[in-house]
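Subject: Structure handover and notes

Dear colleague,

I am passing on the structure below, together with notes on what was found in it. Please read the notes with the coordinates open beside you.

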Amino acid sequence: MSDWVMIGVPTSAGAHHAGQERAPDALRDAGLADRLRDAGESVRDAGNLPGAMFAVDHDHPGGRNLNAVAAVARQVADAVADLPESGELPLIVGGDCTITLGAVAGLSRRHADVGLIYVDGDADVGVPGSDGSGIFDSMGISHLLGRGAAELTWLGGTVPLLDPARLAIVGADPRETDEAGRKYLSDAGVSFQEAPALIADPERAAVQALGAVAAASRPVVVHFDVDVVDSGDLPLGNFPHYGSGVTLGHAVACLRVLRRHPSFAGLVLTEVNPTHDPGGALLTRLIDGIVTALTG
């Protein structure tokens, strides 16, 4: 049995549009904490942080809603850093992917050698001012590695927020990462496994990611973006990924291995958009998978 503290982060500030800010309460209402308790886990629900709502930002097309994104990341960092030294594992329920910046910043206040395994359908290596959408949701890895807006790269007080040797990315859709992005990650020394590796052998992908970061890290936090799962299987992700081939089963099998490792220090769940699931069946499937991954 593990002791968990669930922290809701109702934010869509870094996203393409609104919807993700509803996820923490939707997952509560669908029984996430209760299902974990039924499986023998202890869960303390710490409620929601203030968060922030998506807003149209025509004035900053290369980096939209930066102030709101940074404010929410600081909220997450403070909440994680202020957790009592009682051994509780944070279960951070977002919300868009920028909340992971805050999770890493908060953990790094306690452990300078924190590591991150990033299970995501995208590599998130965009930068402000590029030709992309300007949303920070697609720039998380760049900011963790020190490339981007100072309001985010300096969240931990030093740059980079995360040493590349303590980062592994698993599951990115190959169609979403260009050669410049792959070269950036390779030159930085980041362990990078795309969706085909996750599909071929989820457990091996997890072991390889752990092997890449665990030796350089003491605690390792896991980021799980639901959009790593093919939208044809589970269309809950805020940004669709049809045709990636990754099933919820693949993701769960990978997460189970990561959860069982002694270095596991918490889970950040991102990108769930409950407006994609008016009937609630998809949320139930996702919770089934999360419970299996964390307790199976």
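Strands S4 and S5 pair in the parallel sense over four bridges, where strands (E, at least two residues) and helices (H or I, at least four) are DSSP runs numbered from the N terminus, and two strands pair if DSSP finds at least two bridges between them. Before going further, please note that this is a predicted model, in which local features need pLDDT of at least 70 and side-chain atom pairs count only at pLDDT 80 or more, while totals for chains, interfaces and linings use all residues. Residues are numbered from 1 along each chain as its sequence is written, and side-chain values use heavy atoms, with hydrogens and water left out.

The sheet

S5 is mostly covered, since six of its six residues are buried, buried being under 20% relative accessible area, exposed over 50% and partly exposed in between, with a 1.4 Å probe and protein chains only.

At another place in the sheet, S1 pairs in the parallel sense with S2 over five bridges, and with S3, also in the parallel sense, over five bridges. The bridge partner of Gly8 is Asn48 in S2, whereas Val5 has Pro90 in S3 as its partner. Five of the six residues of S1 are buried, so this strand is largely enclosed by the rest of the structure.

Taken as a whole, these strands belong to an open sheet of eight, in the order S2-S1-S3-S8-S7-S4-S5-S6, with parallel pairing. Its edges are strand S2 (42-48) and strand S6 (191-194), each of which pairs on one side only. On average, and with direction ignored, neighbouring strands of this sheet are turned by 15 degrees against each other.

Helices on and around the sheet

Helix H10 (residues 248-260) packs on the sheet and touches strand S1 (3-8), strand S3 (89-93), strand S4 (115-119), S5, strand S7 (220-225) and strand S8 (264-270), a contact being heavy atoms within 4.5 Å. The direction of H10 makes about 165 degrees with that of S7, where axes are lines fitted to C-alpha atoms, for helices over the stretch in contact, and angles run from 0 to 180 degrees between N-to-C directions. H10 is largely enclosed by the rest of the structure, because 10 of its 13 residues are buried, including Leu248, His250, Cys254, Leu258 and Arg259. From its first C-alpha to its last, H10 reaches 18 Å, close to the 18 Å expected at 1.5 Å a residue, the expected span being 1.5 Å times one less than the number of residues.

The axes of helix H3 (residues 66-81) and H4 come within 7 Å and cross at roughly 35 degrees. The residues that make this contact include Val72, Val76 and Val80 of H3 and Ile99, Ala103 and Leu107 of H4. Thr100 also lies in helix H4 (residues 99-108), and with a relative accessible area of 1% this residue is buried. Leaving aside neighbours within four places in sequence, Thr100 is in contact with Leu116, Tyr118, His223, Val268 and Thr270.

The nonpolar cores

A nonpolar core here is a set of buried Ala, Val, Leu, Ile, Met, Phe, Trp, Tyr and Cys residues joined through side-chain atoms within 4.5 Å. The largest has 51 residues, of which Leu32, Ile117, Val119, Phe224, Leu258 and Leu286 touch the most other members. Helix H11 (residues 281-295) gives the largest share of this core, eight residues. Leu32, when neighbours within four places in sequence are left aside, is in contact with Met6, Leu27, Leu91, Val93, Ile287 and Ile290. Apart from this core lies another, of 46 residues, among them Ala77, Ala79, Leu116 and Leu145.

Finally, Leu283 is placed in helix H11 and, at 6% relative accessibility, counts as buried. Not counting residues up to four places away in sequence, Leu283 touches Ala26, Leu27, Ala30, Leu236, Val272 and Asp277. The C-alpha atoms of Leu283 and Leu258 are separated by 22 Å, the two residues being 25 apart along the chain.

With best regards
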